[in-house]
Amino acid sequence: MSLLIIRLIIFVALFWLGFKLFRAWNAYQQQAEQEKAQQHAPPPDEQMVKCAFCDLHLPQSQAHAHEALWFCCHEHQERFLRDGRQKKDDA
Ligand SMILES: [Zn+2]
């Protein structure tokens with residue numbers, strides 16, 4: 001009789017452990033999916049700015065600021081300050 005009770009306890013313990021592992025695995029999968037989605041989606045309130053040198057539009061977080069102007073890269077900032085706006089070939 002006691003052997004049956006021990007088997008029952010072991011069976012319940014294994015079932016409970018499996019259930020816990022299943023829930024932990026599900027939570028891990030959901031968290032991984034959320035992180036993946038957040039990485040691919042741009043930040044919700046990201047403002048787009050325009051490079052004063054080449055007119056490229058880019059997120060403000062990736063732009064370089066100089067006074068009231070935005071630049072796509074440090075090189076364009078230096079060239080704009082040195083030479084002014086980029087000269088178009090068709091002008
Ligand atoms: Zn630029």
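Helices (H or I, at least four residues) and strands (E, at least two) are DSSP runs, numbered from the N terminus. This is a predicted model, in which local features need pLDDT of at least 70, side-chain atom pairs count only at pLDDT 80 or more, and totals for chains, interfaces and linings use all residues. Residues are numbered from 1 along each chain as its sequence is written.

**Exercise 1.** Determine which pattern the protein chain follows along the sequence, and whether the chain is spread out or compact.

*Solution.* Begin with the elements: the protein chain has two helices and four strands, and read along the sequence they follow α-β-β-β-β-α. Next, take the radius of gyration over C-alpha atoms and compare it with the globule rule, 2.2 Å times the number of residues to the power 0.38. The radius is 29 Å, well over the 12 Å that the rule gives for 91 residues, so the protein chain is more spread out than a compact globule. Finally, the C-alpha atoms fill a box of roughly 95 × 25 × 20 Å along the principal axes.

**Exercise 2.** Locate Gln47 and decide whether this residue is buried or exposed.

*Solution.* First, Gln47 is found in the loop between α1 (2-40) and β1 (48-50). Then apply the burial cut-offs, which count other C-beta atoms, placed from the backbone, within 10 Å of the residue's own: buried at 20 or more, exposed at 12 or fewer, and partly exposed in between. Gln47 counts as exposed because it has 10 C-beta neighbours inside 10 Å.
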